[in-house]
Amino acid sequence: MPSKMMQFVRLDQQTPDKRSAQERCGDFDEIYSVFNPDKASEQASRCMQCGIPFCQIHCPLGNNIPDWLAMAAAGRLREAYELASATNAMPEICGRICPQDRLCEGSCVLEQSGHHTVTIGAVERFVTDTAWAQGWVKPLQPGPARGQSVGIIGAGPAGLVAAEELRLRGFDVDVYDRYDRAGGLLVYGIPGFKLEKDVVRRRVQRLQDGGIVFHLGVDVGGNLSFSTLRERHDAILLATGVYRARNLSTPGSGLRGVVPALDYLIASSRAGFGDAAVDLGLDARDRHVVVIGGGDTAMDCVRTAVRQGARSVKCLYRRDRDNMPGSLREVSNAEEEGVEFVWLSAPEAFLDEGTPGHVSGVRAVPMYLGIPDASGRQTPRPVGDSHFVLPAGLVIEALGFDPEDVPTLFGESALRVTEYGTLVVDPQTAMTSVEGVFAAGDIVRGASLVVWAIRDGREVAASIADYLEKRSDAGAVAGLGEGVRV
C-alpha cells in the first residue's frame, strides 16, 4: 500500500466499479461496489495535503478530510474511521448520498487544476463499511445519568444525531415519529439504489441498544398532544423536517395520476419492505411517466420509475442542464438507465384525453433563460405560444418541500414561524419562542442536505445540554437555599 501522498502525478482518478445499467435497472440494490483495500489506499494517496484544505472548508461538518485520507493511504483504517466519525455521526451515509461534487470533491484543488478530484465519498464509505465489518464501531455508551429527559419529535438525521449526542451526555432520550420506521427520509425518501435500508437500520439499532427509546407510529398533535410531551420531558426538540409538497396550480393538476414525489417514493419504499396495501396508483409499471423538477428528488423518482418497469420515463425541467440544482452525477446515472431529459420546458396543462379524470399527457411549453433575477439566476421565460404534448399515465411533481403548519399541527400558537413557515429560533441557542422547546434541521433552515441536518443535530444537542445543566444547577442552588432557610 502506498505510504506517500500527492500520488495524483502518477495515479489517475478511479471510482468504484458501477454495475451496468442493464443489470442495476432490475433491482433496487446500490449501484456502486466498494473499493478493495489496495484501490482505496491508492485513491486516498492522490490527496495533495493542501495547506488550505478547501475540501474541509466546504464540508458543512468541517470533517478533517486530508488527515483521514492520509491514514487510509497508509492502511491505518481504524484510525481513519475514528477521525472521520469524530465529526460525523453518519459517515457511511454521507459517503453514499452526500453531493460531494457540490461540496468537498467539487472544492478539491485537484478538481480545479484539471487532475480530477480525490474520490472522497467513496473512500469515506469504504473506511466506514470496513469499520462496521471489523467491529470498530463502538456501542453507544451513555454518560452518567442526569435524571433529566429530552423528547425529540422526528426520527430523521437531525433528530437521530441529537439523540445520540444527548444520550452520550447522560440524558434520557425518547424519539417520537409518525412513521413506523425510524430514519425519516433516509428510509422513505431515498431509494435503495442510493442508500440501502440496512445501512440506516444498523445505525438506528445502535441507538436503541444505547438506551434511546423510539415511539414510532405516533402522531404528535393527533394521538399524542404536544402539551403532554412538554409535561413528560425537561426539554423538547422539534426535528420534524419538511414534508409538505409544493404543487403546481396548472390546469388538470387534480387529475388522478398526478402525484407528489414523496407519496410516490414512500409507496415504492413500502413495497420494497413488503408492506401490505401499497397504492397501485403510485406504481409506474407499464406507464409513460413524466417527472417534473430538476433536483435530487426528481432524480430519485425517474430512476425509481425505470426500476418499476415504466414504458418510458421523461424528466421535464424548465432550465438547462448547467442550471440544474441536482447532482450531475445522478443525471448521468439516470441517462445511462434510459431516462430522457426534456430541458428548457415547463408544464402548461395536464390532459385527460384517454380516460376522463385520469391524466393522459402533459402539455408543455418551451422555455428560454432570460435576464438574472435578484438571486443572480436566469429567469425561465416561455417561448411565444408554442407547445408540445408528452404522453403520461403517471405525472410526478418533484418541486421541493415546504414546512407543515407546525403551530397548528401541535396546537401551540406560541411557536413563531418565518414567512416561509420554518420555525424561528434563537441563532445562538436554537431555542424556539417557547421556553425549553428547541428546533433543528430542515424545519429551521428549509429543505436541505442530510449533512446539514447532521451538523444541526450536533449543535442543537450541545445547546439543549447547556440549557438543562443550567436548570439543574439553578434547582440545586434553590434547594440549598431552602435548606438554609429551614
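D172 is partly exposed, with a relative accessible area of 38%. For that term, buried is under 20% relative accessible area, exposed is over 50%, and partly exposed lies in between, using a 1.4 Å probe and protein chains only. This is a predicted model, where local features need pLDDT of at least 70, side-chain atom pairs count only at pLDDT 80 or more, and totals for chains, interfaces and linings use all residues. Residues are numbered from 1 along each chain as its sequence is written, and side-chain values use heavy atoms, with hydrogens and water left out.

Back to D172. Its partner in a salt bridge is R167, and the closest N and O atoms of the two are 3.7 Å apart. A salt bridge here is a side-chain nitrogen of Lys or Arg within 4 Å of a carboxyl oxygen of Asp or Glu. R167 is buried, at 14% relative accessible area, whereas D172 is partly exposed.

How many salt bridges does the structure hold? There are 38. I will take two more of them.

One joins E336 and K18, with 3.2 Å between the closest N and O atoms. Helices, by the way, are DSSP runs of H or I with at least four residues, strands are runs of E with at least two, and both are numbered from the N terminus. E336 is partly exposed at 42% relative accessibility, and K18 is partly exposed at 33%. Both residues also belong to a network of salt bridges that links K18, R24, R303, R307, E330, E336 and E337.

The other joins D296 and R102, again by their side chains, at 3.2 Å from N to O. These two are 194 residues apart: D296 is in helix α15, and R102 is in the loop between α6 (91-97) and α7 (104-107). D296 counts as partly exposed at 22%, and R102 as partly exposed at 41%.

Is C301 buried or exposed? C301 is buried, with a relative accessible area of 0%. Leaving out residues up to four places away in sequence, C301 touches A261, Y264, L265, V291 and I396, where contact means heavy atoms within 4.5 Å. As for P91, 210 residues away along the chain, its C-alpha atom is separated from that of C301 by 25 Å.
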